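Please examine the sequence and the structure shown below.

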Amino acid sequence: CEHITGSNGVFSAASSAFRIGVGAGNIRHIRISDITLYRAGVGLHFMPTIHGSGCIDIEDVNFSNVSAVNVGYPMLIGGEAGAVRDVTLDNIRMKAFCESRIEAQGSCVVDGLTLRDVEILLCDEHRELTAKRLQQRGKVALHTENVGRICTERFCIRMEESIAPTWNALY
């Protein structure tokens, strides 16, 4: 897939609202803008492999002006093989329940990410916040591992006051 442009949409998904990757080949020169996400397991998901299968190179992808509520994971970027390069997330606002993860495992390369004007609010799911639920959310707000260059400009992750005491007690 190359040279794809999409704009002005409202999406909801049980799994990933936007999943870029999986399969073989290249995905590049993608522009997505002015998007609203309501309820998704993952907001923005870049995955060059899935469970060790496939190997895709993802490069030159730009998401801008995205707002989302009721999202599990705001963003998941990485995999076991392939590459995610030169991705820009610009003017992103999300209310989410879990951590974001940017990680390269195995031979995967993640490099050249720009996170500009990104604001993520970790919020209450309006269910009892047990230790198990908080553990599933992750120990940190943003987990990065084996990643090359990441540029952040006006990047903010905040936590609602209602979940902070339980999270702090657990971790």
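Glu-2 has Arg-28, in β3, as its bridge partner. The model is a predicted one, in which local features need pLDDT of at least 70 and side-chain atom pairs count only at pLDDT 80 or more, while totals for chains, interfaces and linings use all residues. Residues are numbered from 1 along each chain as its sequence is written, and side-chain values use heavy atoms, with hydrogens and water left out.

Strands here are DSSP runs of E with at least two residues, numbered from the N terminus; two of them pair if DSSP finds at least two bridges between them. Strand β1 (residues 2-11) runs parallel to β3, and eight bridges join them. β2 is also parallel to β3, through five bridges; within this pairing, Arg-19 has His-45 of β3 as its partner. β3 and β4 pair in the parallel sense over 18 bridges, and Ala-24 stands opposite Cys-55 in β4.

Buried means under 20% relative accessible area, exposed over 50%, and partly exposed in between, with a 1.4 Å probe and protein chains only.

Gly-41 lies in strand β3 and counts as partly exposed because its relative accessibility is 24%. Leaving aside neighbours within four places in sequence, Gly-41 is in contact (heavy atoms within 4.5 Å) with residues including Ala-14 and Tyr-73. Gly-41 and Ala-14 are 27 residues apart in sequence, yet 5.7 Å apart in space, C-alpha to C-alpha.

Conventions:
Helix = DSSP H or I, 4+ residues; strand = E, 2+ residues; numbered from the N terminus.
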